[in-house]
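Good morning, colleagues. Please take a moment with the sequence and the structure before I turn to backbone geometry and strand pairing.

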Amino acid sequence: MRAARFYAPGDLRVEEVPDPKPGPGDVLVQVEVALTDGTDLKTFRRGHPLLLAQTPSPFGHEFSGVDVATGKRVVAANSAPCGACPQCARGRATLCDNLLPLLNGAYAELLVVPERIARVNLHPVPAGLAPEVAALVEPLACALHAVDMIEAQDQNVAVLGPGPMGMLLCSCLKDAGAGTTIVTGGSAERRALATRFGGEPGDAKGADVVVDATGTPEGWQDAARAVRKGGTVVLFSGIPNGVELDAQRIHYEELTLKGVFHHTPQTVRAALAFLASGAYPWHTLLTHEIGLEGLPALFAEPPDGYVKAIVRP
């Protein structure tokens, strides 16, 4: 089969590789569509210690496809909690001590979904839901988990960064009953798009809750500066180590800092239902379409107007 494989930062190659062989309980999926995302773009540029611990490595994790054994359309999240460790027993599935194996390799014609993921996080695609929209289930599940972790009801919330995750966060906040959802940063076109997902362009200063979705150390710092006294800063985007925050402000103004990571089986199921509801114009996030051969160039120099790309193997 044809697959994109990561060799080193900036070195992504589309190659012929042996077809994957599913083990007991695994599910072999013919990939209909994969989606690019911010994590993949960052990984292309600087690598990833967990997803790409060994190289060359399969690449990509947002997808929708056909279960080869049954012929049914399916979608899956990229991991599943073990259900047996102390963190899982506490109900903290995102902190599972045994989160591996991770699903990786969606930029390919075939993909094996490991048994543990297939058991709890592989779902049939609802009738009438386009496969490219169904493939948004994993990032939307992460956004739903973030909103579950904060008290958004009647709160004024600011989202820093109108990227695809910022848009999905806006939709989840709107449905959670946030008073207003302000979106800052990015281009005027991105901020205008956010209005279709429940956001309003504006200033984050003085918001009750500020969510960083920029993926930059500066975004974390801006969030801690902007939130009101006694407010909550949600550190949603992952960044490298070494960021410095205003310790005096955190202490004397009693800020709450909340780290948020990943998704749960519950938010994966909820995300799929949310997508199927058609509540928001999910398809507007999918701005470009390419084949596997177009991936290296897209990641090396994202085109104008790019939000997410559909990749058809």
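Let me begin with a definition: helices (H or I, at least four residues) and strands (E, at least two) are DSSP runs, numbered from the N terminus. The model is predicted, so to speak of local features requires a pLDDT of at least 70, side-chain atom pairs count only at pLDDT 80 or more, and totals for chains, interfaces and linings use all residues. Residues are numbered from 1 along each chain as its sequence is written, and side-chain values use heavy atoms, with hydrogens and water left out.

Most residues other than glycine have a negative phi, and most peptide bonds are trans. Glu254, which is not a glycine, has a positive phi of about 50°; this residue lies in the loop between helix H9 (247-252) and strand E14 (256-259). His262, also in a loop, here between E14 and helix H10 (265-277), has a positive phi near 75°.

Are these two residues buried or exposed? Buried means under 20% relative accessible area, exposed over 50%, and partly exposed in between, with a 1.4 Å probe and protein chains only. Glu254 is exposed, at 63%, whereas His262 is buried, at 11%.

The peptide bond from Thr55 to Pro56 is cis, with omega near 0°. Pro56 sits in the loop between helix H1 (38-46) and strand E4 (57-58).

E4 leads us to a sheet. Two strands pair if DSSP finds at least two bridges between them. Three strands form an open antiparallel sheet in the order E2-E1-E4, and its edge strands, E2 (11-16) and E4, each pair on one side only. E1 (residues 2-8) pairs with E2 over six bridges, and Ala4 stands opposite Val14 in E2.
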